[in-house]
Amino acid sequence: MNLRPLHPRDHGRLAFGPLPDWSFANRQGNVPIGLQEIGSAIADYPLVFIKHQETGQFRLVALLSLDAEGSWYSLNGHWQATYLPLNIRRHPFYLAGPGADGATLGLAIDETSPALRRIDEAGPAGEPLFNPDGAPTEATQRMAQTLARLREDAAAAAALIDKLVKASLLVPLSIAMHAADGAVRHVEGLYGIDADALARVPDAVVLALHRSGELGAAHAIAASLAHLERLRQLHNARKGAPIVRLRVSFAAH
Amino acid sequence: MDKPVKTVIIAGGGSAGWIAAGRIAARNGGALPDGVRVILIESPGIGTIGVGEGTWPTMRNTLRKIGIRETDFFRHADAAFKQGAKFVQWTTGHSSDGYYHPLNPPQGAAQINLSGHWERERREKAWRPQATDFAYAVDFQADLCEAGLAPKSITTPEYAGIANYAYHLDAGKFATLLRDHATANLGVRHIQDDIVAVHQDEATGDVTGLTLKEGGRINGDFFVDCTGFASLLLGKTFGTSFIDRSDTLFCDRALALQIPYESEDAPVACHTISTAQEAGWIWDIGLPTRRGLGYVYSSRHIDDERAQETLMRYAGPMGKGLTPRLIAIRSGHRASFWERNCVAVGLSAGFLEPLEASALMLIETAVDIIADRLPTSLGDMPLMARQFNRSFRHHWDRIIEFLKLHYVLTKRTDTAFWRDNVDPASIPQDLQDKLVLWRCHPPTAADFSHQPEVFSWPSYQYILHGMGFETDYARLPAVRVEEAAAQRWFAAADKARAQTLRDLPRHRELLRKIRDYGMQPV
């Protein structure tokens with residue numbers, strides 16, 4: 001990855017998308033999602049919470065695999081899901097840091113991304129980043145809006161997380177992967193919403209969560225753990241030793 | 001008639017008063033309509049001593065039980081992590097002289113006693129130089145301290161640790177945090193007034209109430225004396241005698257000083273540094289905001305002026321222009337701590353030099369008993385008092401012996417203070433007996449009778465071996481029989497050392513992250 005502030009001088013001759021393959025996403029074991037994405041993401045992914053390594057703060061993520069090696073949804077060059085999280089679709093665009101003066105629309109771009117190509121190159125055309133006059137194209141402007149939405153939606157998810165933590169609803173998940181030879185690997189660092197704990201929440205908290213639309217989100221997140229079985233099947237569709245059983249439980253606390 | 005305990009009155013604030021108030025109210029429904037009423041009376045004119053700035057790991061449980069989040073504690077009490085103590089120049093007084101008493105027990109302590117194995121390994125094998133020290137060989141925490149690393153990371157949940165830990169804190173800010181929490185969330189009533197009279201039942205002697213200067217009379221059923229050195233209830237009202245222990249522990253003065261760091265990102269020590277001096281020792285406690293220093297000394301061996309010079313020399317340029325505060329201390333404790341319906345918690349019960357941070361720990365130990373088993377009626381009290389007094393006489397004796405252990409193992413003969421400290425007349429008989437036994441047998445749980453013991457046998461091992469106590473454990477059968485198991489535990493220490501030195505953050509960096517982001521409860 002090589003992030004640079006978006007600028008017509010440097011990027012005027014570039015176009016983006018579609019991606020030739022999913023190799024960039026294959027390096028990801030999870031992808032952060034926002035509050036509004038929950039309704040779509042539960043069609044495909046287990047939704048869990050993980051701690052940011054630098055800040056210790058929880059983030060809501062769609063789980064793409066149970067190891068650090070990368071996504072199990074990418075199979076035979078195809079993404080095995082109906083919904084693709086915004087955090088993948090926004091590729092290769094990022095929000096430029098506060099210090100990046102002159103970044104077009106406040107954007108930065110990953111110059112090493114396989115989604116980028118030169119306008120004059122042969123092959124699929126893609127969307128140019130800039131018009132010939134140096135102004136960002138409509139496609140680039142749409143990406144800027146997407147990223148702004150993504151940021152707001154991440155803040156909304158953080159607000160939900162805050163309430164879940166306060167209500168003691170986030171619980172460490174214990175996942176044991178059993179291999180055919182009896183070997184067991186444990187997955188650490190994942191947290192989920194304990195449905196039993198959710199049922200015990202005081203009336204006033206339940207009502208407040210319901211009115212804000214967050215109670216439904218909480219239930220959806222809790223129910224999404226059923227997709228762990230899908231993850232297991234996706235894993236087993238690949239090469240390597242299959243996982244014969246996943247044992248999932250909430251750690252006592 | 002057997003009068004039920006409905007109202008608990010705590011006389012005095014400070015760390016003792018507010019820990020007692022918080023724990024008793026949280027445990028006994030202080031905020032519920034039918035719960036126990038907890039009232040704390042604090043004199044606006046009397047300050048706190050505020051030198052109790054080091055805790056034990058027990059404080060993590062105490063805070064959790066009071067219902068304070070660890071993040072809030074760090075932010076409001078200017079707290080830092082403490083992973084043990086480093087004792088510098090206690091053994092020979094040379095510049096290279098130092099050893100650790102970490103809070104982690106030796107690896108495998110529940111299954112194996114590593115003292116004898118360490119002694120043999122040290123003799124027979126070419127270990128890395130540091131591992132000739134017991135603490136470095138049997139555990140990894142001394143390395144964390146030496147490297148300035150924290151005992152956990154920002155992703156570790158509140159109150160959980162990768163290595164065991166306690167805290168350093170600002171005692172004044174800590175009391176304020178406890179007060180705000182107790183009054184806002186636990187139903188504790190806070191009265192700021194002076195106590196001018198204590199009323200007793202003429203027949204039984206039970207305290208029935210207190211008269212306040214402004215607020216008139218206030219009645220209660222059970223009284224907790226947190227009045228500090230004044231010891232208003234146990235000392236003044238019941239006339240319980242004070243047992244002076246300065247024949248064993250000579251220090252009777254402390255000069256305390258707070259100095260700033262040289263820069264905002266200067267490292268914060270993750271352990272208490274105790275450096276022996278000609279007539280006592282200097283504590284050095286790192287908070288994120290400042291360093292707390294203090295010279296604890298014996299006025300029979302040096303005068304105040306000389307002590308101040310020594311402290312200011314230790315403080316260096318950052319102490320320039322600052323004047324230390326003199327605190328007179330008296331090593332010893334009350335003959336009893338619980339009389340009728342009054343129990344002393346904190347300095348009103350006694351005081352010992354803060355060499356092993358026993359002050360706050362003794363408060364917690366007392367409050368654990370009181371809060372978890374609050375007397376339900378006045379009729380409960382005589383038996384509970386007897387039990388409590390027996391336990392605490394035991395605890396004070398053991399703590400005094402453990403503190404004395406740091407002095408009796410010295411090889412220093414450079415000043416009268418150190419020479420006097422090894423005079424057998426100053427060493428409790430029980431400690432003398434144990435020292436004879438420990439030449440041939442390492443300390444184990446069997447050496448101690450109370451469950452739980454405040455200082456357990458691993459602590460004794462860290463001090464004995466840290467100070468080069470001469471032992472002869474090679475002949476012990478277990479050293480041969482358990483050799484393979486011992487090797488596994490030494491290897492476990494090595495593995496944990498490599499992993500924690502690689503993964504754990506610098507202490508100041510973690511303190512900054514806790515301030516900026518906070519820790520998660522899970």
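In the classification used here, Ala, Val, Leu, Ile, Met, Phe, Trp, Tyr, Cys and Pro count as nonpolar, Asp, Glu, Lys and Arg as charged, and the others, Gly among them, as polar. By that scheme, the lining of the largest cavity has six nonpolar residues, one polar and one charged. The model is a predicted one, in which local features need pLDDT of at least 70 and side-chain atom pairs count only at pLDDT 80 or more, while totals for chains, interfaces and linings use all residues. Residues are numbered from 1 along each chain as its sequence is written, chains are lettered from A and ligands numbered from 1 in the order in which they are written, and side-chain values use heavy atoms, with hydrogens and water left out.

Rolling a probe the size of a water molecule over the atoms shows where empty space is left. On a 1 Å grid over the protein atoms alone, a cavity is a set of points where a 1.4 Å probe fits but cannot get out, whereas a pocket is an open set with protein on both sides within 12 Å along at least five of seven lines; lining residues have an atom within 4 Å of a point. Grid points are joined across faces, edges and corners, and a volume is the space filled by probe spheres set on the points. The whole structure holds one cavity of 30 Å³ or more, and the volume of the largest cavity is about 50 Å³. Its lining consists of B:Tyr99, B:Tyr100, B:Asp133, B:Phe134, B:Ala135, B:Tyr136, B:Tyr462 and B:Gly466. Two or more of these residues come from each of strand S5 (98-102), helix H5 (134-138) and helix H14 (457-466) of chain B, with helices (H or I, at least four residues) and strands (E, at least two) taken as DSSP runs numbered from the N terminus. H5(B) gives the largest share, three residues.

The largest share, five residues, is from S12(A).

Ten residues of chain B are in contact (heavy atoms within 4.5 Å) with 13 residues of chain A. Together the chains bury about 960 Å² (accessible area, 1.4 Å probe, lost on being put together and summed over both), 54% of it on carbon and sulfur atoms. B:Thr155, B:Gln520 and B:Val522 supply 61% of the area that chain B buries against chain A, more than any other three residues.

Side chains of opposite charge can pair when their charged atoms come close. One salt bridge (a side-chain nitrogen of Lys or Arg within 4 Å of a carboxyl oxygen of Asp or Glu) is found across the interface of chain B and chain A. Its partners are B:Lys513 and A:Glu54, at 3.0 Å from N to O. The side of chain B that touches chain A comprises five nonpolar residues, four polar and one charged. Over all chains, the search finds 41 salt bridges. One of them joins A:Asp162 to A:Lys166, with the closest N and O atoms 3.3 Å apart; both residues lie in helix H4 of chain A, four residues apart, about one turn of the helix.

Some backbone details complete the picture. The peptide bond from A:His91 to A:Pro92 is cis, with omega near 0°, and A:Pro92 sits in the loop between helix H3 (86-89) and strand S8 (93-95) of chain A. A cis peptide bond also runs from B:Gln451 to B:Pro452, with omega near -5°; B:Pro452 belongs to the loop between helix H13 (429-440) and H14 of chain B.

Definitions and conventions. Buried area = accessible area lost by both parts, 1.4 Å probe.
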